[in-house]
Each structure stands twice: as C-alpha cells, then as structure tokens.
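Subject: Structure for you to look at

Hello,

Here is the structure I promised. Please open it alongside this note; what I found follows below.

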Amino acid sequence: MPVMEEALNTGQRPIRSFVLRQGRITAAQRRVIQDALPALQIQTRSSWQDPWNGQRAITLEIGFGNGEHLAALAAAHSEQGFIGAEVHTPGVGSLLLQMENADIDNIRIVHDDVAAWMKTLPDALFARIIIQFPDPWPKTRQQKRRLIQAEFADTLQRLLKTGGELQLATDWAEYAEQMLTVLNQTEGLINADSGNGFSDRPANRIPTRFERRGEKLGHSVYDLVYRRTS
C-alpha cells in the first residue's frame, strides 16, 4: 500500500474532533468557492508539495473559523506562506472573500480533516502552528473528541521546525488545563512560560469577533505557547 494511502486508511473509523454542521452559505461565498478555491486548495490525498517551493516560512492555522485572524495575519506578512485548515464550508467562503477583497495571495486552504492529512506530512515543515478556540467538547463522554490529545501533540511537535512555535488559545478553563498537562508532557516541546503555565497573548494573535463576544460574556481566555527544541 502506498505511504499516503496507508497513512489515511488505518482500518479503524477515526474519532473526529469536529461535527459537520449545515451552515448557511451566501451567494457570494458560493461564487468565490467555485471560482477561487480550486486553485488555492491543498489536495490532502496527494503527496506534499510546498506551494512556495521552500522559499517562505509557513504558518498553519487549524480551524480558522471565519478566517478573520488568518486573513489579517497573512496581510501583515506577505513575505510568509500561510495554510488554513477548516472543515466548515461557510468559513472557507468567508476567508476566500476576505482574500479577494484585500488582494491576499499567500494563503492556501485545507478543506478537509486536518488530523488525517497531517499524518502524511514530512517532519519539520512549519515555522508556526496556531490553534484557536478548538471545540471544548465539555461533556465527559465527549472529551475523547478533543483535538489536543497526546498523539496529536506528538504530531504537532514533529511538524514544527526546530525553534518553531505552537500557539493555542481557549476560553474553556478545564480544557486549558488539559492542554497544559498534555503539552507540558510532550517530548520535544518546551513551554514559553518559565513557570510552565499559561502565556501572555502572542503579539501576532488578534482578538477575533468570537473572542470579543466571549469576553463580553465574562469568559477568560487562556493562551499557551510552546517551542520545539532541537
């Protein structure tokens, strides 16, 4: 069996960290998905090909939502490459519209299950990986669906370049503590906080509409920052 096929077909039904929900797609989103996505979409069942031919540092944002943060980051750093992963089609359409309106051309999109795709990628690929407000799956019986588990943390570490940075944020305190425990125990990652605790919000992370709404409701936001050791 080819390596790519073997990585994507484990023989077991994977536990998903997401549920596909039917969201409203506007006419503008539908149009830009049809017109622009084919040229910008990374084919997850093909071997990895760097869209920038190794000439740019690459940031991966997992679960970019409506794309607000990713579009702003890419616009501010046109010399870098950005890959955004999102399973929800309206969010992909929203990001594409922002790219079109701001003439952003340094983002590529994974519109698929990012966890399965990441297993196929070569080591030391990304300068930075960002995961903001992943689904907390708060019920005890649901927590096996949480994205940040030991196996996935090992994959994150493997895909970072030496010195590369992992940034996470959540407004769910119990999940924040679990992330902290898992990532502090992940070999090859070092907590940027000297006390192995939560970090200040990274300078590159802009508060999104989702975050601002949570703050109005009194939610605290927990930032975690890790770097890959040599």
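The accessible surface of the protein chain comes to about 12200 Å². Carbon and sulfur atoms hold 47% of that surface. Areas come from the Shrake-Rupley method with a 1.4 Å probe, and for residues only the protein chains shown count as cover.

This is a predicted model, in which local features need pLDDT of at least 70 and side-chain atom pairs count only at pLDDT 80 or more, while totals for chains, interfaces and linings use all residues. Residues are numbered from 1 along each chain as its sequence is written, and side-chain values use heavy atoms, with hydrogens and water left out.

Overall fold

The chain has 230 residues, and 45% of them are buried. Buried means under 20% relative accessible area, exposed means over 50%, and partly exposed is in between (1.4 Å probe, protein chains only). Take contacts between residues at least 6 apart in sequence: 80% of these join residues at least 24 apart. A contact here means heavy atoms within 4.5 Å.

The secondary structure comes to eight helices and seven strands. These are DSSP runs, numbered from the N terminus: helices are H or I with at least four residues, strands are E with at least two.

The sheet

Seven strands form an open sheet in the order β3-β2-β1-β4-β5-β7-β6, with mixed pairing. Two strands pair if DSSP finds at least two bridges between them. β3 (107-110) and β6 (189-191) are the edge strands, each pairing on one side only. From one strand to the next, the twist averages 20°. Axes are lines fitted to C-alpha atoms, for helices over the stretch in contact, and angles run from 0 to 180 degrees between N-to-C directions.

Helix α7 (residues 173-184) packs on this sheet. It touches β5 (160-170), β6 and β7 (222-228), and its direction makes about 15° with that of β7.

Now the pairings. β2 (residues 81-85) runs parallel to β3, over four bridges. Alanine 85 stands opposite valine 110 in β3. β5 and β7 run antiparallel, joined by six bridges. There, alanine 169 stands opposite aspartate 223 in β7. β6 and β7 are antiparallel too, over three bridges. Isoleucine 190 stands opposite arginine 227 in β7.

Annotated site

The UniProt annotation "binding site", from an unreviewed entry, covers Lys139, Asp171, Thr208, Arg209, Phe210 and Glu211. Positions are given in the numbering used here, feature names are shortened, and annotations may be inferred rather than shown by experiment.

Aspartate 171 sits in the loop between β5 and α7. It is partly exposed, at 22% relative accessible area. Leaving out residues up to four places away in sequence, aspartate 171 touches Phe133, Phe210, His219, Ser220 and Val221. Its side chain makes a polar contact of 3.2 Å with the side chain of histidine 219. A polar contact is a pair of N or O atoms within 3.5 Å; within protein, one must be able to donate a hydrogen and the other to accept it, and residues adjacent in sequence count only if both atoms are side-chain atoms.

Glutamate 211 lies in helix α8 (residues 209-216). It is buried, with a relative accessible area of 3%. With residues up to four places away in sequence again left out, glutamate 211 touches Phe133, Arg205, Ile206 and Val221.

Backbone notes

Most residues other than glycine have a negative phi. Asparagine 53 has a positive phi of about 55°. It is in the loop between α2 (27-40) and β1 (58-62), and is exposed at 63% relative accessibility. Aspartate 103 also has a positive phi of about 55°.

Best wishes
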